[in-house]
Amino acid sequence: MRLYTRGGDRGTTALIGGERRHKGDRRIEAYGAVDEACAALGLAASLMQGEQLSDMLRLAIWLQQRLWDVGADLAAPPSAKDYVPKVDPSWVDDLEPLIDKYQEEGPPLTQFVLRQGSPAGAALHLACTVVRRAEREAWRLAADEPVPEAALRFLNRLSDLLFVMARAANARAGVDEIAYEHSPVVFRDGK
């Protein structure tokens, strides 16, 4: 099988079901941003060496698999009549206890923090911001076309999870966070 098809040489690409759209189409932007998020999470995973972060590495790989499913759901336009969405709504519920678990590992949060730290922590912060952009792109698409609600909710929770994982990775590495110098107190209960 050839990797190149030449189908995109005129600025279009095929979606699930065969419909072709311009490469700047909102649907293409949405699943492309999810693909970037998956790659950013892969970079973070590559920095999770050793036993100290082995739980996060396993979770990152599971999350990458789920992001492929989100991308598939976003790549399926209404014209793909036989397509069955892949994102299971229960996955959102699965993320919430993980958010709580990793949030407990970081120091109490009262102010915005700079997105940096240990190599794994900084990469998780980057992945978080890419997921947030992917979520924005998916919501832009949802304003015009149907998007499975579970995919939107998953992206929202995933960004929260990656943020607390970044803080936990930094805490495990003994790297102190740096508060944004102009941040007011925004998290009153430290969570």
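Predicted model: local features only at pLDDT ≥ 70, side-chain atom pairs only at ≥ 80, totals over all residues.
Residues are numbered from 1 along each chain as its sequence is written, and side-chain values use heavy atoms, leaving out hydrogens and water.

Arg136 sits in helix H4. Helices here are DSSP runs (H or I, at least four residues), numbered from the N terminus. The C-alpha atom of Arg136 is 9.2 Å from that of Leu152, 16 residues away along the chain.

Now look at H4 as a whole, residues 119-142: H4 packs with H5 at an angle of about 165 degrees, their axes 8 Å apart. Axes are lines fitted to C-alpha atoms, for helices over the stretch in contact, and angles run from 0 to 180 degrees between N-to-C directions. H4 passes H5 in a left-handed crossing, meaning that the near helix is turned anticlockwise from the far one by less than a right angle. Sorted by class, this contact of H4 with H5 has 18 nonpolar, five polar and three charged residues. Ala, Val, Leu, Ile, Met, Phe, Trp, Tyr, Cys and Pro count as nonpolar, Asp, Glu, Lys and Arg as charged, and the others, Gly among them, as polar.

H5 (residues 149-172) also meets H3 (residues 90-105): their axes come within 8 Å and cross at roughly 20 degrees. That makes H3 roughly parallel to H5. H3, too, passes H5 in a left-handed crossing. Residues making the contact include Leu98 and Lys101 of H3, along with Phe154, Leu161 and Met165 of H5; contact means heavy atoms within 4.5 Å.

So which residues of H3 are buried? They are Trp91, Val92, Leu95, Ile99 and Tyr102. Seen down the axis of H3, they fall within an arc of 85 degrees, so they line one face of the helix (the arc is that of the directions from the helix axis to the C-beta atoms). These buried residues pack against helix H2 (54-74) and H5. On the other side of H3, Pro97 and Glu104 are exposed.

Key
Helix = DSSP H or I, 4+ residues; strand = E, 2+ residues; numbered from the N terminus. Parallel < 35°, antiparallel > 145°, perpendicular 65-115°, else oblique. Buried < 20%, exposed > 50% of the residue type's maximum accessible area, 1.4 Å probe, protein only.
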